[in-house]
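Reader: I would like to go through this model feature by feature. Please give the idea behind each feature before the case at hand.

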Amino acid sequence: MVNNPEHLYVPRLVRVAAVVDETPTTKTFQLAFEDGPRPDFKCGQFGEFGIYGVGEATFCLASPPSRDGLDITVKDVGKVTRAFHNLNEGDLVTFRGPYGNWFPYDGFKGKKLLFIGGGIGQAPLRGLLWACLENRNDFDEVDLIYATREECELVYERELVEFEGRDDIGVTLALDPVCPGEPIPGWRGRTSFVPPILEEDRPSPENRVVITCGPPIMIKLVANSLLEKLGYAPGQIWTTLEMRMKCGLGKCGRCNIGSTYVCKDGPVFNYEQILSFPQEF
Amino acid sequence: MAAEYYRLNKDKVGELFERARADYDVVAKTRDANGNLVYGRPATFDDVAFVDEQPPMSAKAFALPQTETLVRYEREDEKIRAEGPEAEARDVLLFGVNICDAAAFDIIDHVFKWDYLDDPYLGRRADATLFALACAAVQQDCFCDRISYAEDGVDTVAYPLEGYYLVKVQTEKGRKLVERYHDLFDAEDGDAEAAINTFREKAGTAKKEPLLESARAGLEKAFEHADWEILASTCIGCGICTYTCPTCHCFDIQDEGSAIAGRRLRTWDHCTGRTFTAMPAHQPRDRQYKRYRQRLLHKFWYYPERFGPLLCTGCGRCITYCPVKINIKELVEYFGGLKDTPPGGARHGK
Ligand SMILES: Cc1cc2nc3c(=O)[nH]c(=O)nc-3n(C[C@H](O)[C@H](O)[C@H](O)COP(=O)(O)OP(=O)(O)OC[C@H]3O[C@@H](n4cnc5c(N)ncnc54)[C@H](O)[C@@H]3O)c2cc1C
Ligand code: SF4
Ligand code: SF4
Ligand code: FES
C-alpha cells in the first residue's frame with residue numbers, strides 16, 4: 001500500500017479572522033492558520049478553499065507572503081462563493097494549497113512595473129503589488145491602471161486611496177465609458193477602457209514589464225494594444241489565467257489548454273507562452 | 001524483469017480462480033441479473049465468464065471508482081474532525097480482464113503520479129494484480145491493432161492456445177501470483193514469442209500500419225480545421241464515451257451532506273459536458289464541437305505530448321456506444337492527415 005501520511009485531498013482548517021466588504025458582490029476574508037504554521041507561498045499562487053457541506057472553489061492568494069495569515073477576495077457568483085459571503089468572523093473554512101506557479105519576482109527587479117487590473121482581476125495582482133511596494137527600492141517606476149465597470153466595483157478602495165497619496169506609485173483609475181469621453185459626475189478617475197489609456201499615455205516599453213489580470217477579453221485587448229501600438233514584445237507581458245479548476249494539482253483534467261495544465265504550469269504565464277497555445281481563448 | 005512463460009492447462013483455470021479467492025479480492029467478468037457482462041465479484045467459477053468478450057464498462061473503476069470518498073468530516077461543537085479515505089482491506093486480482101482494459105492502468109498512472117501523488121488512486125493501483133486474457137478475435141469496433149501501447153505493465157497475459165493458456169509473466173506482481181499457485185503452472189519450453197505472434201496474426205490483433213500515433217503531426221496542425229464544426233457538432237455531450245473509456249480519468253469534487261457531517265467525494269466527469277469548463281464570466285469551449293475536439297486532441301495529442309503514450313487503447317467502446325455514431329478512429333485518421341476523405345460522407349453531407 002502506498003500510504004501517504006498526508007492524504008492529498010484532505011484540507012487544513014483555517015479560521016476567518018476578519019471580513020471586509022469590498023463591493024456589493026465582493027468580500028475579502030482574512031484567514032488565520034491555527035493548526036500549525038501558515039505554509040510558505042509566493043505571489044501569484046492560488047488555493048482550493050471550501051466550506052464543508054457546500055464544496056470547494058479556487059481563489060488566488062491575495063496578500064503578500066510577508067504578512068500574517070492569508071487574504072482571499074471572493075466574488076459572489078455561485079454556490080460556494082455565495083456560502084463564503086455568508087461567513088462570519090470565527091467560522092472555519094477548508095484550505096488546500098498553495099498550488100500553481102508564481103510571478104518571477106526576482107526577474108522583475110530593477111525594472112519598471114506596470115500593473116493593469118480589471119474588476120476582480122485586481123485580486124491576483126494585489127499580493128505582488130504590495131510585495132513590490134515593501135521593497136520599493138528594488139524597482140524602477142511602479143504604476144497601476146485599474147479599471148472596472150462602475151465605481152462601486154472597485155475592490156480594495158481604501159488601499160487605492162492610500163496609493164493615490166503616495167509618490168512612489170502612479171495610479172490611474174478608470175471606469176467603463178457609458179458614453180465614451182463623457183465624464184461621470186463625481187468620478188475622480190478617467191472614463192475609458194484600458195487600451196485607449198495606454199495609447200494616450202504611451203508608457204514606453206523600455207525596461208518595463210506589464211503585469212495584467214482581468215476578464216479574458218480585457219487581457220487580449222490590452223496585449224494587442226501593447227504589442228501592436230506600443231511596440232512591446234510578448235515576453236514583457238505577464239498575466240494569470242483563469243480556467244475552471246477542481247483539484248488544483250494536475251489530476252482532474254479540467255483546466256488544460258493543449259497539453260498545459262493551467263493549475264500546475266500556471267496560473268501565471270508569459271504572453272509568449274500564451275501565443276503558443278492552441279487558440280482556445 | 002525479463003518476461004517468463006508458463007503453461008496453464010485449461011481445466012486448471014477454475015482451480016486458480018477458487019484458490020486465488022482466499023488470497024485476493026478477485027474481480028472477474030460475470031453476468032448481472034439482466035444478463036449483461038460486467039466486471040464483478042462472482043462467488044464461484046461457475047459464475048465467471050472467462051471469455052474475451054468485452055463488457056460495456058471498462059475495468060478502470062477498480063482503481064478509479066465512479067464515486068469515492070476523499071474526506072469524511074464531522075462537526076462537534078466548535079471542532080471539525082476530518083479524515084482521509086480508509087485503505088482497502090485486500091489486494092485486488094483482476095482475473096481474465098481484457099488486455100485493452102489492463103493496459104489502460106499503466107497509461108493513466110502517469111497523470112496520477114506526476115508531481116503530486118494521488119494517494120487514493122495509487123494505493124489501489126499498487127494493490128491490484130492484472131491477470132489478462134488475450135482476445136482470440138477482434139471485437140466489434142476495436143482498433144488495438146492500430147495503437148502501439150505497451151503491454152509490459154500488464155502483470156500477466158494469458159493467450160488461449162490449443163489445449164492450454166500460454167501465460168506471459170511481465171512484472172514482479174505477476175511472478176508472485178504464479179509462484180503462489182506454482183503447482184498449477186508448467187514451464188513453457190517452446191518458442192513462446194513466436195506462438196504469441198502467430199496467435200495475434202490469427203486473432204487480428206497484430207499491430208498494423210499506419211499506427212494512430214503517426215496522426216499526431218497532422219493533429220497538431222488541425223486545431224483550427226474548419227471541419228470540426230461539421231464532423232463533431234453532432235455530439236450531444238452525453239459522456240457515454242468517457243464513462244465507458246478505460247483511460248478517461250477526469251473527475252469532479254463535490255460535497256455530500258450537511259455542515260454537521262458528510263463527505264467530500266470525487267466522481268467521474270467528462271469534457272464533452274456543457275458545464276465542464278463553464279465559468280461565471282467566460283466559457284472557453286462554448287460550442288459542442290470544441291468540447292469534442294478537446295476529447296479527441298487530449299487523447300491523441302495533448303496527453304502523449306505530456307506523458308508519452310496515447311490516452312487510448314483502441315477498445316472501441318466509444319464507437320460502439322455513442323448514440324450518434326461518432327467514430328473517433330476515423331476522425332483521428334482524417335484530422336491527422338492519414339486519410340483524405342472525411343468519415344461518414346453522406347451522413348455529414350460531404
Ligand atoms: C486560478 C484561479 C484563481 C481564482 N481566483 C479568484 C479570486 O481570487 N476571487 C474570486 O472571486 N474568484 C476567483 N476565481 C474564480 C472562482 O474560482 C469561481 O468563481 C468559483 O469557483 C465559483 O464557484 P461557485 O461554486 O461559487 O460557482 P458555481 O455555482 O459552481 O458556478 C459558477 C458559475 O459558473 C457558471 N455556471 C455554472 N453552471 C453552469 C452551467 N450549467 N452552464 C453555464 N454556466 C454555468 C455560472 O455563471 C455560475 O455563476 C479563480 C479561479 C481560478 C481558476
Ligand atoms: S478525453 Fe475528456 S474526459 Fe477523457 S481524459 Fe481527456 S479531457 Fe478527460
Ligand atoms: S462523442 Fe458520442 S458518446 Fe461521446 S459525448 Fe458525444 S454523443 Fe456522447
Ligand atoms: S485543476 Fe485539476 S487538473 Fe488542473
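**Domains, interfaces and ligand shells**

Author: Chain A is divided into domain 1 (12-99) and domain 2 (105-240). The model is predicted.

Reader: How far apart are the C-alpha centres of domain 1 of chain A and domain 2 of chain A?

Author: The C-alpha centres of these two domains lie 25 Å apart. The contact between them takes 16 residues from domain 1 of chain A and 17 residues from domain 2 of chain A.

Reader: What is the area buried between domain 1 of chain A and domain 2 of chain A?

Author: Buried area is what two parts lose in accessible area on being put together, summed over both. Between domain 1 of chain A and domain 2 of chain A, about 1,300 Å² is buried, and carbon and sulfur atoms give 57% of this area. On the side of domain 1 of chain A, A:Glu22, A:Cys43 and A:Arg67 supply 30% of the area buried against domain 2 of chain A, more than any other three residues.

Reader: How many salt bridges are counted between domain 1 of chain A and domain 2 of chain A?

Author: Side chains of opposite charge can pair when their charged atoms come close. The cut-off used here is 4 Å, from a side-chain nitrogen of Lys or Arg to a carboxyl oxygen of Asp or Glu. Two salt bridges are counted between domain 1 of chain A and domain 2 of chain A. As for A:Glu22, its side chain meets that of A:Arg158 in a salt bridge, at 3.2 Å from N to O. Polar contacts across the interface of domain 1 of chain A and domain 2 of chain A come to six residue pairs, both residues at pLDDT 80 or more.

Reader: Which elements give two or more residues to the side of domain 1 of chain A that touches domain 2 of chain A?

Author: They are strand E1 (12-23), strand E2 (26-33) and strand E5 (70-75) of chain A. Sorted by class, that side of domain 1 of chain A has six nonpolar, six polar and four charged residues.

Reader: Now the two chains. How many residues of chain A are in contact with chain B?

Author: In chain A, 47 residues are in contact with 57 residues of chain B. The area buried between chain A and chain B is about 4,400 Å², with 57% given by carbon and sulfur atoms. Polar contacts across the interface of chain A and chain B number 26 residue pairs, both residues at pLDDT 80 or more. Among the elements of chain A that give two or more residues to the side touching chain B are strand E3 (46-51), strand E4 (55-60) and helix H7 (262-265). The largest share of that side, five residues, comes from E6(A). By class, the side of chain A that touches chain B has 22 nonpolar, 13 polar and twelve charged residues.

Reader: How many salt bridges are found across the interface of chain A and chain B?

Author: Six salt bridges are found across the interface of chain A and chain B. In one salt bridge, the side chains of B:Asp252 and A:Arg254 meet at 3.9 Å, N to O. Over all chains the count comes to 49 salt bridges.

Reader: Why does the pair of B:Asp252 and A:Arg254 join two chains?

Author: B:Asp252 lies in strand E11 (residues 251-257) of chain B, and A:Arg254 lies in the loop between strand E12 (237-240) and strand E13 (256-257) of chain A, so the pair joins two chains.

Reader: Where does ligand 1 lie?

Author: A shell is read from the residues with a heavy atom within 4 Å of the molecule. Ligand 1 lies between chains A and B. It is surrounded by 22 residues, and A:Thr58, A:Thr73, A:Val77, A:Thr81 and B:Thr275 are the closest.

Reader: Which polar side-chain atom lies 3.0 Å from an oxygen atom of ligand 1?

Author: That atom belongs to A:Arg244. From the backbone, an N or O atom of A:Lys75 lies 2.7 Å from an oxygen atom of ligand 1. A polar backbone atom of A:Gly78 is 3.4 Å from an oxygen atom of ligand 1.

Reader: Which element gives the largest share of the shell around ligand 2?

Author: Helix H9 (residues 288-307) of chain B gives the largest share, four residues. The residues surrounding ligand 2 include B:Cys248, B:His249, B:Cys250, B:His270 and B:Cys271. By class, the shell around ligand 2 has four nonpolar, five polar and two charged residues.

Reader: How many residues surround ligand 3?

Author: Ligand 3 is surrounded by 13 residues, the closest being B:Cys235, B:Cys238, B:Gly239, B:Cys241 and B:Cys322. Its shell has ten nonpolar, three polar and no charged residues.

Terms used:
Residues numbered from 1 in each chain as written. Chains lettered and ligands numbered in written order. Predicted model: local features only at pLDDT ≥ 70, side-chain atom pairs only at ≥ 80, totals over all residues. Heavy atoms only, no water. Domains from an automatic or database assignment. Contact = heavy atoms within 4.5 Å. Buried area = accessible area lost by both parts, 1.4 Å probe. Polar contact = N/O pair within 3.5 Å; in protein donor to acceptor, adjacent residues only side chain to side chain. Nonpolar A, V, L, I, M, F, W, Y, C, P; charged D, E, K, R; others polar.
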